[in-house]
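Hi everyone, thanks for coming.

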Amino acid sequence: MPELTIRLLETPEDIAAVEKLQGLVWPGSEIEIVPAHVLLTVIHNGGLVIGAFLDGELVGFVFGFPGLEFVPDGPHPKHCSHMMGVHPDHRSRGIGYALKRAQWQMVRHQGLNHVTWTYDPLLSRNAHLNISRLGAVCNFYHRSEYGELRDGLNAGLPTDRFQVDWWINSQRVVRRMGDRARRGFGLDHFLQAGVQALYPVQTGPGGLPRPPEHFTPPGDRLALAEIPSDFHDLKAKDFPLARDWRFFGREVFESIFAAGYLVTDFVFERGGDAPRSFYVLTHGEATLDQ
Ligand SMILES: CC(C)(COP(=O)(O)OP(=O)(O)OC[C@H]1O[C@@H](n2cnc3c(N)ncnc32)[C@H](O)[C@@H]1OP(=O)(O)O)[C@@H](O)C(=O)NCCC(=O)NCCS
């Protein structure tokens, strides 16, 4: 097994490798690549570009910078994590988690306690990593956050995003970053506890999941909201269906956040040929430390 090394990237040579890797992770549009001079300026001003290496080759990076959160009692410092990418051949082997864990250590060392970032709420792998493994929570839904993006992962659909909060000194997060990190609950745990899915998802032609026309807002403190378990695959096979999911997801998450719910967990049921993916929604903030 090649050895994984995680370290800060600081030299122009390191950063040239990040430019190249961005082209592999988000193929098809050079204009979306964050250039070396911006990354180096970020690094020289308190930002962090962290790399993951296998046998000396850069296979992943995470990049962020200090920012401000505007809250009613004034601006508060935070770390804004902007991009994370892992080489397509090396995904789902814990590299993303290892990069975020290094970011967690370094941002804590800078004396900050809040990290935010955005991601597409329909991406199950990202949701599992961000919410279940890292312990981020979310109650912000941004419509078309980045306008039209032209790279191969994003082209064609409105760039709606969740903005997550990662409270890096909270028990919830510290527990997930420890050596004996928490493994998530399964769907059975929630169903046996009486937690209900907000809407049924039927399987349509080609075995692809179809959203219903509408959903009923939850009445209970906890609820489950299903999303496709492989949205990139669904988008490649049936683009109109991907659009339906985008607008259905927008309706669901905007209304449940407005009703006081937060995304607090994520369940990925691997289940062989038919994996399923669910957000866990909690009303209020009572369970944030769990
Ligand atoms: C998002 C990304 C950075 C994650 O990196 P990674 O190295 O694959 O992440 P990890 O392996 O640490 O974690 C992924 C987890 O999702 C799980 N997973 C794999 N497929 C999944 C799916 N369809 N649904 C849910 N979880 C899934 C993996 O098993 C792993 O969980 P585990 O550690 O509990 O087994 C990487 O997939 C990527 O580069 N994606 C494209 C760019 C992108 O979306 N960047 C983020 C926004 S800027």
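Let's start with a question: in which loop does Ser144 lie? Ser144 sits in the loop that runs between β6 (137-142) and β7 (161-167). Before I go on, keep in mind that this is a predicted model.

What is the phi of Ser144 near? For Ser144, phi is near 40 degrees, which is a positive value in a residue other than glycine. As a bit of background, most residues other than glycine have a negative phi.

Okay, on to another serine. Ser92 is in the loop between β4 (74-86) and α3 (95-109). Its phi is positive as well, near 60 degrees. Is Ser92 buried or exposed? Ser92 counts as exposed because its relative accessible area is 64%, and the cut-off for exposed is over 50%.

Ser92 also takes us to the ligand. There are 24 residues around the ligand, and Ser92 is among those that come nearest, along with Met84, Gly94, Ser124 and Arg133. A backbone N or O atom of Ser92 lies 2.8 Å from an oxygen atom of the ligand. With Met84, a backbone N or O atom is 2.7 Å from a ligand nitrogen atom. For His128 we're talking about the side chain: one of its N or O atoms is 2.9 Å from an oxygen atom of the ligand.

So how much of the ligand gets covered? Taken alone, the ligand exposes 950 Å², and the protein buries 86% of that. The elements giving two or more residues to the shell around the ligand are β4, α3 and α4 (124-133). Of these, α4 gives the most, with six residues. By class, the shell has 10 nonpolar, eight polar and six charged residues.

That's my tour, and I'm happy to take questions.

Methods
Residues are numbered from 1 along each chain as its sequence is written. This is a predicted model: local features need pLDDT of at least 70, side-chain atom pairs count only at pLDDT 80 or more; totals for chains, interfaces and linings use all residues. Side-chain values use heavy atoms; hydrogens and water are left out. Helices (H or I, at least four residues) and strands (E, at least two) are DSSP runs, numbered from the N terminus. Buried means under 20% relative accessible area, exposed over 50%, partly exposed in between (1.4 Å probe, protein chains only). A residue is near a molecule or strand if one of its heavy atoms lies within 4 Å of it. A polar contact is a pair of N or O atoms within 3.5 Å; within protein, one must be able to donate a hydrogen and the other to accept it, and residues adjacent in sequence count only if both atoms are side-chain atoms. Accessible areas come from the Shrake-Rupley method with a 1.4 Å probe; for residues, only the protein chains shown count as cover. Ala, Val, Leu, Ile, Met, Phe, Trp, Tyr, Cys and Pro count as nonpolar, Asp, Glu, Lys and Arg as charged, and the others, Gly among them, as polar.
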